Amino acid sequence: MIIGYVIGEASPQEALMLAESPVRVGRYVILEYDGAKVLGLITQVTRGSPFLDLSTNDVKIVQRLRDFETAIPQFVKAVIKLLYDMNSGSQPDLPPSPGTPVRFANDDELREIFSGGDIVIGHVIGMTIPVTIKVNSLSRHLAILAATGSGKSNTVAVLSQSIAEIGGAVIIFDYHGEYYTSDIKPLNIIEPKLNPLHLKPREFATLLEIRGNAHIQYRFLRRAFTEYVKKVRDMIKEGTVDYQSLNSSFVQDMEREIDAILKGEGEGKGQRSQKEAADEVKNKLDEFVDRYGNLIDLTAPDITSRIKHATVNVVDISHLDEDGMDAVASHYLRKLLDSRKEYKTKGSGLRFPVITIIEEAHVFLSKNQDTLTKYWASKIAREGRKFGVSMIIVSQRPKGLDENILSQMTNKIILRIVEPTDKKYVLEASDNLTEDLVEQLSSLGTGEAIVIGGLVRLPAFVKIAKFKGKLGGADPDMKGEWSSLMQSGIQDTEFG
């Protein structure tokens, strides 16, 4: 069924259609000309009347026209982005001629384009055509971006569970506690713990906030930490370790190692500065325990031994402060990358690829602030593809993200974004996102998204599937909770 005709000048990338009736932005259309069968996308729609154009200045003219029994003549024009020649399997290289008919793409044509992937994430907006994505393309990472309440958590849940169902391993750093109490299946809850025995000296020094130029402090810490770890591992091998007291004596044991190193330095020049450095390391140890004490567990197994494949693994960091969240996320990212490198080079280590999901990514991967997580996320963005460590970053504040990391997220699922600077930032950081698509972000409904990148053959306007089950990210029913209180009579309770 023809819905309109090409008018005016066209290019191989864009054409203008005069439509027979109103059409919606985001609908896919077909133009057939010069041996080509071109799939197009409606990106802009305007409506007007030759009788009531911008030169009309008298409201009485409008009133008289409306009084006529016949309807006011009007027109609908639509801008069509020409995407793909389905006959040649390439971008169109010729523009359509004026008068070329335009019709809606049918179900079979859209299935050919959008249903050739591995897992279903939703359907074409306004239709029942499933949209599937190519899971292997996640090796080049993914950004899920949206305004608050637009459906980010639902998208993460649908995507994670679908990946697990085909045998994948997903690990979510659960910032708000939305997933560990959800109905995602299968679910593996990982308690966030830091085991110093699995830390590297430089990593431990960073957690202690020993500055890079504090060379004497770092030397004390490195030697003490290395010696402490060696002794504990020897005791584990010999079976003489007391696991019950291991955590409680950690600081005292470390301080004894520092004192032994200081004593070994002997008297002489610089002894005072040596002692000051040693005392400062001890102070930082105390501060470290105050800040991360509830995370420290020398009996905790390595994170790589706790991850299950064909499962959504959730690390609940919601009860931690941001420093604690950063410490856990950075350490786990480092261990995952190192373990996959070890597997690829030596055959030992984590034997299956893993997809990491960082919620509230603008907190951990800020463009204005360096964090421990940002360093390792940057390495995964650059190197992860080679070793089977993929990253999905999720954010409601795209303009707060580090531009280098965002630009390396080749794939994007972008839900509704209204804020102009966010839209501009996403556009500038995306090679495969065009201005005409960005302009549509404000008009998307809840759960609707534009999907771009290797996940799909062409940019897809998708209604993300609704996760079936409980998910913590839903808006609270405030009215319902108030009504329940009223009905139970609790409104008479006095609060001091």
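The legends below accompany close-up views of a predicted model.

**Figure 1. The division of the protein into domains.** The protein is divided into domain 1 (2-105), domain 2 (130-193 + 300-473) and domain 3 (196-295). Taken over C-alpha atoms, the centres of domain 1 and domain 3 are separated by 71 Å.

**Figure 2. Strand β1 and its two partners.** Strand β1 (residues 2-7) runs antiparallel to strand β6 (residues 101-104), to which it is joined by three bridges, and the bridge partner of Y5 in β6 is P101. Strand β1 also runs antiparallel to strand β2 (residues 14-19), here with four bridges, and the bridge partner of G4 in β2 is A19. Six residues lie between β1 and β2 in the hairpin that these strands form, and in the turn G8 has a positive phi of about 70°.

**Figure 3. The open sheet of eleven strands.** The pairing in this sheet is mixed, and the strands follow the order β8-β7-β17-β16-β15-β9-β14-β13-β10-β12-β11. Because β8 (130-133) and β11 (187-190) stand at the edges, each with a single partner strand, one side of each is left without a neighbour in the sheet. From one strand to the next, the twist averages 30°. In general, the strands of a sheet pair through backbone hydrogen bonds, in either a parallel or an antiparallel sense. The parallel sense is found between strand β9 (residues 142-145) and strand β15 (residues 411-414), which pair over four bridges, and there I144 stands opposite I413 in β15.

**Figure 4. Helix α3 across the strands.** Helix α3 (residues 152-165) lies across a set of strands that includes β7 (119-124), β10 (169-174), β12 (311-316), β13 (354-358), β14 (389-395) and β17 (460-464), as well as β8, β9 and β15. Relative to β7, helix α3 runs at about 140°.

**Figure 5. The second largest pocket.** About 370 Å³ of space lies in this pocket. Of the 16 residues that line the second largest pocket, D323, D326, Q369, D370 and T371 are the closest to its centre. Two or more lining residues come from each of the elements α4 (201-207), α8 (271-292), α10 (322-346) and α11 (361-364). The lining of the second largest pocket consists of five nonpolar, five polar and six charged residues, and at least three residues of this lining are drawn from each of domain 2 (130-193 + 300-473) and domain 3 (196-295).

**Figure 6. The largest cavity.** The count of cavities of 30 Å³ or more comes to one, and the largest cavity has a volume of about 40 Å³. The lining of the largest cavity is made up of K193, N195, H198, A300, P301, D302, I303, R306, H331 and Y332, with α9 (303-306) and α10 as the elements that give two or more residues. By class, four of the lining residues of the largest cavity are nonpolar, three are polar and three are charged.

**Figure 7. Backbone geometry in two loops.** The peptide bond from K185 to P186 is cis, with omega near -10°, and P186 lies in the loop between β10 and β11. E209, although it is not a glycine, has a positive phi of about 60°, and E209 is placed in the loop between α4 and α5 (215-238).

Terms used:
Residues are numbered from 1 along each chain as its sequence is written. This is a predicted model: local features need pLDDT of at least 70, side-chain atom pairs count only at pLDDT 80 or more; totals for chains, interfaces and linings use all residues. Side-chain values use heavy atoms; hydrogens and water are left out. On a 1 Å grid over the protein atoms alone, a cavity is a set of points where a 1.4 Å probe fits but cannot get out, and a pocket is an open set with protein on both sides within 12 Å along at least five of seven lines; lining residues have an atom within 4 Å of a point. Grid points are joined across faces, edges and corners, and a volume is the space filled by probe spheres set on the points. Ala, Val, Leu, Ile, Met, Phe, Trp, Tyr, Cys and Pro count as nonpolar, Asp, Glu, Lys and Arg as charged, and the others, Gly among them, as polar. Domain bounds come from an automatic or database domain assignment. Two strands pair if DSSP finds at least two bridges between them. Axes are lines fitted to C-alpha atoms, for helices over the stretch in contact, and angles run from 0 to 180 degrees between N-to-C directions. Contact means heavy atoms within 4.5 Å.
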